[in-house]
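Subject: Structure handover

Hello,

Here is the structure I said I would pass on. My notes on what was found in it follow below.

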Amino acid sequence: MSDTTVQVLQTGRVQVSPRLPFQTGSNQLAVVLCPKRRRIWLPVSVYLVRTSHGSLLFDTGWGTTIRGNQHAYLHFPNYVPNTGELPQGQELVTLLAGCGVAPCDLDVILFSHLDLDHTSGLLEVAGPGIDGAKKVLVCREEWDAAEKSHVRYVQDMWKGVDVTTFEFDDTGFGPFGRSKDLYGDGSLTAVWLPGHTAGSTGLVVRDLQSGHFLILAGDCGYGHQSWEQMVQPGLAVDRAQLETSLAWLHEQARDSRCIDVLACHDAGVSPQLIQVC
Ligand SMILES: [Zn+2]
């Protein structure tokens, strides 16, 4: 049996415009300002990836602070399009404990990007004073964008955390030929998938014996329809880049060795354990 597994975990959900997932032609302002009564709920997934190199957490989902005053916590403009909900029992630390993993057992946290529904849980697994994850990784493009913008990003979510930025290498792998082989053996490869944000990052999890692989796509799409039918979401920072990123996922998904491609907010994906073999 393969020693590479991906546990899909869901830290609550996020309420968004129904135009967000698969409505390319929407007015972006209308997507942001959609009235609450018309919004839909989508899951907020994170992934515990276990390989012979240890445990990697891809994104950190909602933290428990979301249960308080969201208006203040998410900073007003972000609260409008991104209301969150974190039911009891779906806290990140609780979900990890259910997998037998304490925060200090995490070797790496890798971010798909730094939007608030992906970073809110970070302080609970790597914050100051916590015996937490050994390393927190984000690509430089995303870090630079997130440190600059106080409209989209909430810098308090990584305040006091020792975040390591990395540069993608020009490997020829990925939609723009830029990727980072995290362990030098092809088992875990971060891939630059820009478009949703400047530094959006996917993770290719590969079983080295069979060559089979699973792709964690972050928010590059909102479900299989995104890359199977090349449907962009209602919001993007760069549609041309996103088109290229989705086209690459489309091609990968058709590869016979590809087990699946998973989007963070795919309403059709439930918590589950996936063997990559
Ligand atoms: Zn998201």
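**What was found**

The chain has 9 helices and 14 strands. Please keep in mind that this is a predicted model.

Overall shape. The C-alpha atoms fill a box of roughly 50 × 45 × 35 Å along the principal axes. The radius of gyration is 17 Å, which agrees with the value near 19 Å that a compact globule of 277 residues would have. Of the 277 residues, 49% count as buried. Among contacts with a separation of 6 or more, 71% are between residues 24 or more positions apart.

The core. The largest nonpolar core has 69 residues. Inside this core, F58, I109, V205 and A217 have the most contacts. Strand β2 (residues 40-51) gives the most to the core, with 6 residues. In soluble globular proteins, nonpolar side chains tend to be buried together. Leaving aside neighbours within four places in sequence, A217 is in contact with L193, G202, L249, V261, L262 and A263.

The open sheet. An open sheet is formed by 6 strands, in the order β8-β9-β10-β11-β12-β13, with mixed pairing. Its edge strands are β8 (169-170) and β13 (258-262), each of which pairs on one side only.

- β8 and β9 (residues 178-181) are antiparallel, over 2 bridges. The bridge partner of D169 is S179 in β9.
- β9 and β10 are antiparallel as well, over 3 bridges. Here D181 stands opposite T189 in β10. The hairpin of these two strands has 6 residues between them, and G184 in this hairpin takes a positive phi near 75 degrees.
- β10 and β11 (residues 201-206) also pair in the antiparallel sense, over 5 bridges. W192 stands opposite T201 in β11.

Which residues of β10 are buried on each side? Strand β10 (residues 188-192) has 5 of its 5 residues buried. L188, A190 and W192 are on one side, with T189 and V191 on the other, so that both faces are covered, taking a residue as buried if 20 or more other C-beta atoms lie within 10 Å of its own.

Regards

Note on methods
Residues are numbered from 1 along each chain as its sequence is written. This is a predicted model: local features need pLDDT of at least 70, side-chain atom pairs count only at pLDDT 80 or more; totals for chains, interfaces and linings use all residues. Two strands pair if DSSP finds at least two bridges between them. Helices (H or I, at least four residues) and strands (E, at least two) are DSSP runs, numbered from the N terminus. The radius of gyration is taken over C-alpha atoms; the globule rule is 2.2 Å times the number of residues to the power 0.38. A residue is buried if 20 or more other C-beta atoms lie within 10 Å of its own, exposed if 12 or fewer, and partly exposed in between; C-beta atoms are placed from the backbone. Two residues are in contact if their C-beta atoms, placed from the backbone, lie within 7 Å. A nonpolar core is a set of buried Ala, Val, Leu, Ile, Met, Phe, Trp, Tyr and Cys residues joined through C-beta atoms within 7 Å.
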